[in-house]
Amino acid sequence: MKNYYSNLITFFLFVCHIAVAQQMPLDFSDSSQIFSVWGGSSFSTRPSPTDSNNTIGQFFHSASAAEQGFYIDLIRPIDLDSNSTITLAFYAEDPQQHTVGLKLEQGDNAPIQLNLNVTSQNSWTTLTYDFSTIGGNGNYNRLTILIDIGSSTPGAFFIDNIDDGSIPIASPPDPIYNYLVWSDEFDGTGGINTSNWFHQTIPIINGQDWANGEIQHYTDRNINAYMENGSLKILAKKETYTNQGVTKQYTSARLNSKFAFTYGKVEIRAKMPYGIGTFPALWMLGQNITETGGYWAATHGTTGWPDCGEIDIIEHWGENQDFVQSALHNRSSFGGTVNKGGRLISNASTEFHIYTLDWNSNKMTFSVDGIVHYVYNPVTKTIQNWPYNAPQYLLFNVAILPNIASNFTESAMEIDYVRVYQTNPLSIDKKVLNDLKVYPNPSHTIINISSQSVIDKVKLYDSTGKLILTKDKKPKDVNIMGIRSGFYLLKIYSGEAISTKKVVIN
Ligand SMILES: [Ca+2]
Ligand SMILES: [Ca+2]
């Protein structure tokens, strides 16, 4: 969401710069086996023309630039000392001869490359690259594929089973986030639900301006954010408005969620606004950000941007209609960040699409309508590239950029729902406290917690999985006065142990 101009420049240089870490062999069965591209190439996965159950890579050489290609950064390097040979299966639909180059980079030694010629119309041919023939040795982290370099003829080619003979390291399965912990379906009418959302209206730069050269004021009026027909509308308008003593010609809204969380899946069904100069975003910031006027700043603000970490689930620019982008900003790269990926979807401004972030301790996966377009997964996580082990909150806004069309009057981003899922609290109790007691149960005032072990914190969830309250600082009881009667789950944390007790509030 930040530093729009440098983002835009980088966007034109690297249309789809994706830094995916992945392991050899590559058979494209894992949705994170995505090649990054440059020079006008494009990459996607698809079924094999000879076996619809086998996923393969489609490598499109556009012939629009002198040099173009495809690369993938590996979580575990290729080790030529163990095995100097790499094989891959290649398939072309035309009868021409093609040159397929394999280049190894970012290694112990200088980059090395082998080129092989192949004619393989409508059939798979295995190409064998023996790097011992050019003295290759040591480890390499990046594998690059170059097809028909220098040729002016475009073509789409299929590749599968890129194999260096190594055995992948089994990684633990990703957590499954299917337990709803927070949501807003926007079923009401009128203004936003203020138990879920906060209107951020004070400009963050000297109380006067927003980032990226944006020219709007954000207001807390229902005109700019309201619920109608089952969805939230954030309406950007052309109108003269004064806030903090500064008069501007456009208004809009910027919402902060009053819910923050670490790890989980966020699903947002939304429709973008329309018009050159509109700049909507569905995004997140670290709860610890010290940003002026932000909902959490007074209670949790300790850390500036970008060290707090920013997650842009989706951004859209009106002058680049239907291109949606996901990006990360943190100390390792911010402003014109390299940590981003996007794709074209059809009808971003006229149809609802489901924008999803799946965020666990290992990686973030961004998708639209279930199709992954970006995975962020630094091989070595540091505070610089991975401040994402702490709570983040959601922001929804529509910004106006200086290139707004002169005939723009208003346009809305519509959000049908936002849903946050985490792992089922009942499924992750690893070790329980055998002497744990919660009483009285049912209760309508206080629930006492007793155990020989020190209780670190407790969390209370309602029957839909929504987090109702968290109490830390070694609680001995939970005050449940004012909470609606019903069935609840109380999760109790003590060291490694997590116990869940059913409680009834009456
Ligand atoms: Ca395959
Ligand atoms: Ca809805």
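This is a predicted model: local features need pLDDT of at least 70, side-chain atom pairs count only at pLDDT 80 or more; totals for chains, interfaces and linings use all residues.
Let me begin with Asn 122, which is exposed because 11 other C-beta atoms lie within 10 Å of its own, where exposed stands for 12 or fewer such atoms, buried for 20 or more and partly exposed for the values in between, with C-beta atoms placed from the backbone. Phi of Asn 122 is near 55 degrees, which is a positive value in a residue other than glycine. Asn 122 sits in the loop between strand S8 (112–119) and strand S9 (124–130), and strands here are DSSP runs of E with at least two residues, while helices are runs of H or I with at least four, both numbered from the N terminus.

Residues are numbered from 1 along each chain as its sequence is written, and chains are lettered from A and ligands numbered from 1 in the order in which they are written.

Phe 28 is another residue that has a positive phi, of about 65 degrees, although it is not a glycine. Is Phe 28 buried or exposed? Phe 28 is buried, because 21 other C-beta atoms lie within 10 Å. Phe 28 belongs to the loop between S1 and S2, and Pro 25 also has its place in the loop between strand S1 (21–22) and strand S2 (36–38). The peptide bond that leads from Met 24 to Pro 25 is cis, with omega near -10 degrees. A cis peptide bond also joins Trp 305 and Pro 306, with omega at about 10 degrees, and Pro 306 lies in the loop between helix H2 (297–300) and strand S21 (310–316).

Turning to the chain as a whole, we have two helices and 35 strands. The radius of gyration is 26 Å, close to the 23 Å that the globule rule gives for 506 residues, so the chain is as compact as a globular protein of that length; the radius is taken over C-alpha atoms, and the rule is 2.2 Å times the number of residues to the power 0.38. Along its principal axes the C-alpha trace spans about 75 × 65 × 40 Å, and 39% of the 506 residues count as buried.

The chain is divided into domain 1 (24–163), domain 2 (181–422) and domain 3 (437–505), with bounds that come from an automatic or database domain assignment. The centres of domain 1 and domain 2, taken over C-alpha atoms, are separated by 37 Å. Their contact takes four residues from domain 1 and four residues from domain 2, a contact being two residues whose C-beta atoms, placed from the backbone, lie within 7 Å.

Finally, a sheet. An open sheet of four strands runs in the order S32-S31-S34-S35 with antiparallel pairing, where two strands pair if DSSP finds at least two bridges between them. Strand S32 (467–471) and strand S35 (497–505) stand at the edges with a single partner strand each, so one side of each is left without a neighbour in the sheet. Strand S31 (residues 457–462) pairs with S32 in the antiparallel sense over four bridges, and Val 458 stands opposite Lys 471 in S32.
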